[in-house]
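Here are a few exercises to work through with the model open beside you. Try each task before reading its solution.

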Amino acid sequence: MSSLQEFIDYLRSRGYKVTPQRLEIFKTVKSMRNHPNVYMIYQEVKKKNPTISPATVYKTLEVLERVGEIQAVCQIDGKTVYDTKLSPHINIHCLKCHKIKDVESDLVERLVKEVQIKSGARIVSQSINFFGYCSKCADEK
Ligand SMILES: [Zn+2]
Ligand SMILES: [Zn+2]
């Protein structure tokens, strides 16, 4: 799923109300890169919808996660960090500056295929997380 129409259909089929605010949140999140956290998403949505409440944003993010449009990757300072990139990749978390860098690798794609074949499951997303120090922070040590 990735189009706005599919998102609308999904919301309706599950009994969720389709509101302009929800659609705005969907579009905003899909336009954000680099692992935004809930607060960053709320701030971004607020620019166009000054009256929107954090609860509406957070609840919609939960719906987006459930339908597989975004993925919660970790919590930093109590805030959920989301990944909007769902194609196979590895997240490298820096333990010092908390930046998350995406690294694509054919191995991940092959791994997903192998897991699908071995399990018979249809894999729709994955989250592979490596932890360490980014190139900048590693130099400073
Ligand atoms: Zn770092
Ligand atoms: Zn990522």
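**Exercise 1.** Work out what share of the contacts in the protein chain with a separation of 6 or more comes from residues 24 or more positions apart.

*Solution.* Start with the contact rule: two residues touch if their C-beta atoms, placed from the backbone, lie within 7 Å. Residues 24 or more positions apart then supply 47% of the contacts with a separation of 6 or more. Keep in mind that this is a predicted model, where local features need pLDDT of at least 70, side-chain atom pairs count only at pLDDT 80 or more, and totals for chains, interfaces and linings use all residues. Residues are numbered from 1 along each chain as its sequence is written, while chains are lettered from A and ligands numbered from 1 in the order in which they are written.

**Exercise 2.** Find how many helices and strands the protein chain has, and their pattern.

*Solution.* Take DSSP runs, numbered from the N terminus: helices are H or I with at least four residues, strands are E with at least two. That gives 6 helices and 5 strands. Along the sequence they read α-α-α-α-β-β-β-β-α-β-α.

**Exercise 3.** Describe how helix 3 meets helix 4.

*Solution.* First, the axes of helix 3 (residues 38-48) and helix 4 (residues 54-66) come within 10 Å and cross at roughly 120°; axes are lines fitted to C-alpha atoms over the stretch in contact, with angles from 0 to 180 degrees between N-to-C directions. Next, list the contact: Val38, Ile41, Tyr42 and Val45 of helix 3 meet Pro54, Val57, Tyr58 and Leu61 of helix 4.
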